[in-house]
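Let's take a friendly walk through a protein model, one part at a time. Have the picture open while you read.

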Amino acid sequence: MHQIDVGSSILAHNDALAMHNREHFIEEGVYVLNLMSGPGAGKTTILEQTVRALSGKYRIAVIEGDVQTSQDADRVAAAGAPVIQINTGGACHLDARQIHDNLHTFALDALDLLIIENVGNLVCPAEFDLGEHDKVMVLSTTEGADKPSKYPVMFHEARAMLLNKIDLLPYLDFDTEKALRDARALNLDLDIFQVSARTGAGMEGWYAWLEQRIAKVRASR
Ligand SMILES: Nc1nc2c(ncn2[C@@H]2O[C@H](COP(=O)(O)OP(=O)(O)OP(=O)(O)O)[C@@H](O)[C@H]2O)c(=O)[nH]1
Ligand SMILES: [Mg+2]
């Protein structure tokens with residue numbers, strides 16, 4: 001029987017386009033972050049807060065990926081960042097082609113930080129390189145502490161993780177120690193921030209991390 005491996009050929013094609021995107025980002029000196037999580041973990045809320053906190057100091061733009069609607073883009077625009085919405089029309093992740101096709105919407109060389117909010121999904125987005133510098137993921141306390149061991153790829157691929165909605169811990173049986181231990185077992189280098197995008201708790205550490213990453217890319221311009 002002749003078998004065609006469609007999966008790896010799709011990924012190889014995506015990787016080639018991602019490399020092309022990456023060359024653009026490096027050339028223009030913009031730090032690019034791919035923000036991923038399961039649905040509703042708090043990506044857009046974290047983005048809104050981040051834009052509000054840092055847009056006085058950095059030039060920030062956002063690409064919003066959703067299956068449907070422009071609701072997240074409207075929220076980010078209201079927070080004060082230029083934003084474009086990509087609707088995947090059913091696909092559970094963004095791919096490098098969609099980012100490439102929208103690259104020239106922003107003057108990249110006039111940006112310090114481009115944040116891409118991926119489609120809410122704990123599996124597929126981690127497998128598709130977009131050309132970003134770093135993948136950052138959000139895990140929320142309402143999802144359960146078993147998620148790192150059940151969905152290892154994203155935890156393995158991420159450079160940093162925000163454990164969000166810590167304001168809800170008193171009402172949940174979320175085992176923080178287990179979640180962090182399992183996440184670290186998958187990825188020794190994972191930088192972890194325990195935050196509440198709702199109350200602002202812990203967000204300063206996240207902003208400081210982001211500023212360091214932006215400075216590193218700026219220094220290599
Ligand atoms: N209590 C609490 N609620 C939060 C926090 N962060 C986000 N939320 C709420 O969680 C819900 C989902 O937040 P979003 O920011 O839309 O999540 P998302 O990851 O962007 O969702 P998708 O884009 O649909 O995957 C909203 O009702 C937020 O107000 C938090 O730190 N604490
Ligand atoms: Mg969102």
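In which helix does Met-19 lie? Met-19 belongs to helix α1, which covers residues 6-28. Keep in mind as you read on that this is a predicted model.

## Starting at Met-19

Met-19 and Glu-132 are 113 residues apart along the chain, and their C-alpha atoms are separated by 9.2 Å.

## The sheet

Now look for the strands. Seven of them form an open sheet, in the order β3-β2-β4-β1-β5-β6-β7, and the pairing is parallel. Strands β3 and β7 (191-194) stand at the edges with a single partner strand each, so one side of each has no neighbour in the sheet. From one strand to the next, the twist averages 20°.

As background, strands of a sheet pair through backbone hydrogen bonds, in a parallel or antiparallel way. Here, four bridges join β6 (residues 160-164) to β7, and Leu-162 stands opposite Phe-193 of β7. Further along the sheet, β2 and β4 pair in the parallel sense over five bridges, with Glu-64 opposite Glu-117 in β4.

## Two covered strands

Let's zoom in on β1. Seven of the seven residues of β1 are buried, so this strand is largely enclosed by the rest of the structure. In a regular strand, side chains alternate between the two faces of the sheet. You can follow this in β1: Tyr-31, Leu-33, Leu-35 and Ser-37 point one way, while Val-32, Asn-34 and Met-36 point the other way.

Strand β1 has a parallel partner in β4, joined to it by five bridges. Two facing pairs to find are Tyr-31 with Leu-113 of β4 and Asn-34 with Ile-116 of β4. Strand β1 also pairs with β5 in the parallel sense over five bridges, and there Ser-37 stands opposite Val-138. Strand β4 is mostly covered too, with five of its five residues buried. Leu-113, Ile-115 and Glu-117 point one way from β4, and Leu-114 and Ile-116 point the other way.

## Helices against the sheet

Helix α2 lies across β1 (31-37), β2, β4, β5 (134-140) and β6, and runs at about 165° to β4.

Which residues of helix α3 (residues 71-79) are buried? They are Asp-72, Ala-73, Val-76 and Ala-79. These residues cover an arc of only 120° around the axis, which puts them on the same side of α3.

## Some positive phi angles

Most residues other than glycine have a negative phi. Thr-69 is not a glycine, yet its phi is positive, about 75°. Thr-69 is found in the loop between β2 and α3, and it is exposed, with 11 other C-beta atoms within 10 Å.

Lys-165 is another residue other than glycine with a positive phi, near 70°. Lys-165 sits in the loop between β6 and α7 (176-186). Is Lys-165 buried or exposed? The cut-off for buried is 20 or more other C-beta atoms within 10 Å. Lys-165 has 24, so it is buried. Just after α3, Gly-80 takes a positive phi of about 115°.

## Around the ligand

Finally, turn to ligand 1. Which residues come nearest to ligand 1? Of the 17 residues around ligand 1, they are Gly-42, Thr-44, Thr-45, Gly-120 and Arg-198.

Helix α2 (residues 43-54) gives the most to this shell, with three residues. Sorted by class, the shell has four nonpolar, eight polar and five charged residues.

Key
Residues numbered from 1 in each chain as written. Chains lettered and ligands numbered in written order. Predicted model: local features only at pLDDT ≥ 70, side-chain atom pairs only at ≥ 80, totals over all residues. Near = placed C-beta within 6 Å. Nonpolar A, V, L, I, M, F, W, Y, C, P; charged D, E, K, R; others polar. Buried ≥ 20, exposed ≤ 12 C-beta atoms within 10 Å, placed from the backbone. Arc of directions from axis to C-beta. Pairing = 2+ DSSP bridges. Axes fitted to C-alpha atoms, helices over the stretch in contact; angles between N-to-C directions. Contact = placed C-beta atoms within 7 Å.
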